[in-house]
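Dear colleague,

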Amino acid sequence: MSQVPERVRSQWPRTHFLNEVVPDIDGTEVTITGWVHEVRNLGNIAFLKLRDRSGFAQVTLVKDECDAEVFETLTSQQRESVVCIKGLVKSSEQAKMGVEIIPNAIQVLSPAETPLPLGVADKVFADLDTRLDNRFLDLRRPEVHAVFAVRDTILDSCQRQLREEGFIEVHTPKIVATATEGGTDLFPIKYFDRDAYLNQSPQLFKQILMGSGMDRVFEIGPAFRAEKHDTVRHVNEFISIDIEMSFADEEDVMGVLERVIHRMATDIAAKHQDDVEEINQLIKRYNHHIEQENGKINRENKGIKKENKKLKKEGQPLKPFIPLKDKVPPMETVVPELPLPRLTYTECVDIINARLQKMRNEAGDNQVALAAIPADLEWGEDPSLEQFKVLAQEYPGLYYITRWPMSIKPFYVHHYDEEDADPDREESRGFDLMFGHKEITSGAQRVHDLDLLIERISGQGLDPEGFEFYLKPFRYGMPPHAGWGLGVERLMMMFTSLHNIREVILFPRDRNRLVP
Ligand code: AMO
């Protein structure tokens with residue numbers, strides 16, 4: 001029998017991540033790998049800053065003491081080339097990390113071209129589109145990488161919490177035949193010779209699983225919405241955390257939700273203080289950019305003010321001022337106190353309208369100010385973003401809105417039938433979890449009565465026949481159940497304080513972006 005050949009390695013095996021190269025291992029031979037972050041060649045001495053996922057290391061080259069070829073190869077590297085370096089660890093008081101590496105051999109594993117389409121080491125603001133076009137480079141920045149380290153933790157915390165509460169993880173199909181959340185927001189696809197869609201939500205399947213006796217399930221998977229809006233809170237593909245729970249009502253699943261969020265916040269606070277600092281660099285740069293933009297807006301508004309003086313004299317309608325852009329607060333690790341506040345929809349309407357009235361009183365006869373105040377919220381309407389912002393002045397943190405009107409909830413949401421139900425208004429057992437003016441989660445107790453469900457489906461202009469696969473389990477023993485759907489990206493925006501949902505997605509899909 002022939003001997004198994006020794007494995008041929010084109011790359012020397014790495015012995016340490018860069019954050020493991022510490023003064024304690026002074027005198028050790030290491031093999032480290034990574035990207036050339038920057039090279040400073042001072043003639044007789046040169047420094048190469050190497051970067052990997054874990055951090056940085058300083059490689060110090062003294063010309064007279066170093067192999068000439070190693071010195072030449074290392075100092076001629078372009079930023080972002082991938083190299084492997086063998087060297088000796090030496091603790092050093094001058095080096096930022098308390099340690100430096102004296103190299104004795106180098107492999108250039110992949111040279112980088114110049115110029116780079118996006119700087120990695122530069123600490124300057126780059127617009128989000130350029131960053132997303134070059135996301136692989138953008139992700140090499142520690143402050144961007146930090147976002148995804150936090151994202152990894154929240155998913156891990158969520159899975160742990162839900163498993164501890166008896167939920168099991170499931171995966172339901174993403175290629176489906178029917179709409180879940182209303183018919184217009186679907187992406188059609190060809191499924192052999194049939195029409196199919198990308199699923200908007202695992203809603204129908206997680207309910208079917210309640211009919212299967214699985215009792216408590218969760219799914220973390222993609223959801224697709226063909227919504228045309230182009231905002232900082234919407235994308236066309238997002239990751240949804242969904243749960244469904246049998247023999248439970250909306251209050252039971254709201255309890256699960258707040259415990260999941262509490263666990264995530266606790267874990268972020270415990271594990272990610274360094275990442276918080278990194279993410280705050282990203283926010284600081286963004287805010288600096290906003291200050292510059294607002295400077296421009298202020299100059300334009302001065303022009304409008306002048307124009308308005310003239311218009312006023314002529315009795316013409318005044319031009320509105322351009323609103324200033326909001327700066328973003330820094331990321332903080334706050335663990336919310338439980339239980340979270342709960343407001344009914346009716347209470348929200350009252351708060352919003354009372355505040356709007358106060359704003360109108362304060363504006364007096366200032367027409368420009370009055371024009372900027374939103375209209376009152378009628379009971380039964382979905383609040384607009386502006387109306388939610390008014391509510392958020394009183395509730396800037398996490399809070400629930402319960403008992404939404406039936407008319408604006410999907411067919412599967414159960415009506416509110418407790419003793420304190422308002423006889424004149426059709427309320428539901430649907431709730432939203434809000435963070436200030438932003439919706440984070442929707443959930444509800446579901447209809448489990450077959451006849452009522454069929455009535456609701458028809459009532460919303462849908463054909464129950466198309467839902468037969470969903471309705472069938474309701475004929476053969478369906479427990480009362482409740483659940484929710486939580487967008488991971490909305491939650492990440494909340495935890496990181498980043499203002500654009502695209503910041504927390506590796507490769508976002510929006511109206512304009514399909515590549516990379
Ligand atoms: P809903 O349609 O409210 O409810 O969605 C639930 C959560 O998903 C997130 N989300 C989005 N995130 C980013 N971009 C979008 N375009 C987008 N659309 C929704 C939000 C939202 O709160 N089946 C129900 C849930 C349930 O009752 O179990 C549903 O999908 O965070």
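In this predicted model, the secondary structure of the chain consists of 13 helices and 16 strands. The C-alpha trace spans about 90 × 85 × 50 Å along its principal axes. Of the 516 residues in the chain, 48% are buried. Among contacts with a separation of 6 or more, 67% are made by residues 24 or more positions apart.

The accessible surface of the chain amounts to about 26900 Å², and carbon and sulfur atoms contribute 51% of that surface. As for charge, the chain carries 64 positive and 85 negative charges, whose mean positions lie 6 Å apart.

One residue was examined individually. Asn236 sits in the loop between β10 (216-224) and β11 (237-246). Asn236 counts as buried because its relative accessible area is 8%, under the 20% cut-off.

The side chain of Asn236 takes part in two kinds of approach to the backbone. A polar atom of this side chain lies 2.7 Å from the backbone oxygen of Arg225, and the side chain also reaches the backbone nitrogen of Arg511 at 3.2 Å. Leaving aside residues up to four places away in sequence, Asn236 touches Phe187, then Ala223, Phe224, Arg225, Ala226 and Glu227, and also Arg509, Asp510 and Arg511.

With kind regards

Terms used. Residues are numbered from 1 along each chain as its sequence is written. This is a predicted model: local features need pLDDT of at least 70, side-chain atom pairs count only at pLDDT 80 or more; totals for chains, interfaces and linings use all residues. Side-chain values use heavy atoms; hydrogens and water are left out. Helices (H or I, at least four residues) and strands (E, at least two) are DSSP runs, numbered from the N terminus. Buried means under 20% relative accessible area, exposed over 50%, partly exposed in between (1.4 Å probe, protein chains only). A polar contact is a pair of N or O atoms within 3.5 Å; within protein, one must be able to donate a hydrogen and the other to accept it, and residues adjacent in sequence count only if both atoms are side-chain atoms. Contact means heavy atoms within 4.5 Å. Accessible areas come from the Shrake-Rupley method with a 1.4 Å probe; for residues, only the protein chains shown count as cover. Lys and Arg count as positive and Asp and Glu as negative; His and the chain ends are not counted. The place of a charge is taken as NZ of Lys, CZ of Arg, CG of Asp or CD of Glu.
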